[in-house]
Amino acid sequence: MNVFDKLILRNGSSIPNRIAKAAMEENMADADHAPSKALVRLYRAWADGGAGLLLTGNVMVDSRAMTGPGGVVLEDATHLDRFRRWAQAGRSRGAQFWLQINHPGRQMPASLGQPAWAPSAVPMDLGTLSRHFNPPQAMSGEAIADVIRRFARTAQLGEARWPARPTLSSSRATSARWRRCR
Ligand SMILES: Cc1cc2nc3c(=O)[nH]c(=O)nc-3n(C[C@H](O)[C@H](O)[C@H](O)COP(=O)(O)O)c2cc1C
């Protein structure tokens, strides 16, 4: 095996080589939170680089729960044409283009001014970085069910019109990743 060998996943997906671009939230959406021309250009450049897998940065399932000011949101069909262009750019050289769909839970930067909601009212514990996050309010069962429905809806939107394969990012997995990269 070498890094340029194809990888076939158990679900049948074929990744043309072993080089993957990790999920990195670019904060380059337009003001309406759809993929901007610059974001599409960026993914075309990454595709031209020859990676076998391009994982997008966070694509939020709820515009009321963001992780950055220029975050991408996919919660209804309004901007599917722009998502399609994004996917086409990512896949232009044969790479797999996977959406990382996300709800941040308590990991919402306080500077965005949005109330933070999480399954329990337990604040972030990131040492001195904790001050960047407001303590969350505990979600009701219905609010949790709404987030679950939103993940399903965003995944459906992602699959329906431009078959890209969504990957889920739970707030716990994401915060573990963030902790590792600091
Ligand atoms: C600028 C930046 C943005 C990131 N955005 C995301 C993201 O949207 N979703 C995610 O799961 N991880 C995100 N990460 C974490 C990366 O995907 C990756 O896990 C991290 O950089 C560690 O990579 P490494 O294990 O190859 O060193 C981000 C990292 C950076 C530096």
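Reader: Where is the place of His33?

Author: His33 sits in the loop between strand 3 and helix 1. The model is a predicted one.

Reader: Why is His33 called buried?

Author: His33 has 20 C-beta neighbours inside 10 Å. The cut-off for buried is 20 or more, so His33 counts as buried. Its phi is near 65°, a positive value in a residue other than glycine.

Reader: Asn27 also has a positive phi. Where is Asn27 found, and why is it called partly exposed?

Author: Asn27 lies in the loop between strand 3 (20–21) and helix 1, with a phi near 55°. It has 15 other C-beta atoms within 10 Å. Buried needs 20 or more and exposed needs 12 or fewer, and what lies in between is partly exposed; Asn27 is therefore partly exposed.

Reader: What makes Ala110 partly exposed?

Author: Ala110 has 13 other C-beta atoms within 10 Å. Exposed stops at 12 or fewer, so Ala110 is partly exposed. Ala110 belongs to the loop between strand 6 and strand 7.

Reader: Which residues is Ala110 in contact with, leaving aside its neighbours within four places in sequence?

Author: Those contacts are His132, Phe133 and Asn134. The C-alpha atoms of Ala110 and Arg131 are separated by 8.2 Å, although the two residues are 21 apart along the chain.

Reader: Which residues of helix 1 are buried, and how do you know on which side they lie?

Author: Leu39, Tyr43 and Ala47 are the buried residues of helix 1. They cover an arc of only 85° around the axis, which puts them on the same side of helix 1. In general, an α-helix has 3.6 residues a turn, so residues three or four places apart point the same way. On the other side of helix 1, Lys37, Ala38, Arg41, Ala45 and Asp48 are exposed. The buried residues of helix 1 pack against strand 4 and helix 2. After helix 1 comes Gly50, with a positive phi near 95°.

Reader: What makes the buried residues of helix 2 line one face?

Author: The buried residues of helix 2 are Phe83, Trp86, Ala87, Ala89 and Gly90. Seen down the axis of helix 2, they fall within an arc of 160°, so they line one face of the helix. These residues pack against helix 1, strand 4 and strand 6.

Reader: Why is strand 4 called mostly covered?

Author: Seven of the eight residues of strand 4 are buried. Strand 6 is mostly covered as well, with six of its seven residues buried.

Reader: What makes strand 3 and strand 4 a pair?

Author: Two bridges join strand 3 to strand 4. At least two bridges are needed for a pair, so strand 3 and strand 4 meet the cut-off, and they run parallel. One of the bridge partners is Leu53 in strand 4, which faces Ala20.

Reader: How do strand 4 and strand 6 pair, parallel or antiparallel?

Author: Strand 4 and strand 6 pair in the parallel sense, over six bridges. Among the bridge partners are Val59 and Ile101, the latter in strand 6.

Reader: Which residues of the largest nonpolar core touch the most other members?

Author: In this core of 31 residues they are Leu54 and Met60. The elements that give two or more residues to the core are helix 1 (37–48), strand 4 (53–60), strand 5 (72–73), helix 2 (80–90), strand 6 (96–102) and strand 7 (117–118). Leaving aside its neighbours within four places in sequence, Leu54 is in contact with Lys21, Tyr43, Trp46, Ala47, Gly90, Ala95 and Phe97.

Reader: What is the mean pLDDT of the protein, and where is the pLDDT below 50?

Author: The mean pLDDT is 90, and 87% of the residues reach 70 or more. Over residues 172–182 the pLDDT is below 50, and this stretch has seven contacts in the model beyond near neighbours in sequence. Where pLDDT is low, the predicted coordinates should not be read in detail.

Methods
Residues numbered from 1 in each chain as written. Predicted model: local features only at pLDDT ≥ 70, side-chain atom pairs only at ≥ 80, totals over all residues. Core = buried A, V, L, I, M, F, W, Y, C linked by C-beta atoms within 7 Å. Helix = DSSP H or I, 4+ residues; strand = E, 2+ residues; numbered from the N terminus. Contact = placed C-beta atoms within 7 Å. pLDDT = per-residue confidence, 0-100. Arc of directions from axis to C-beta.
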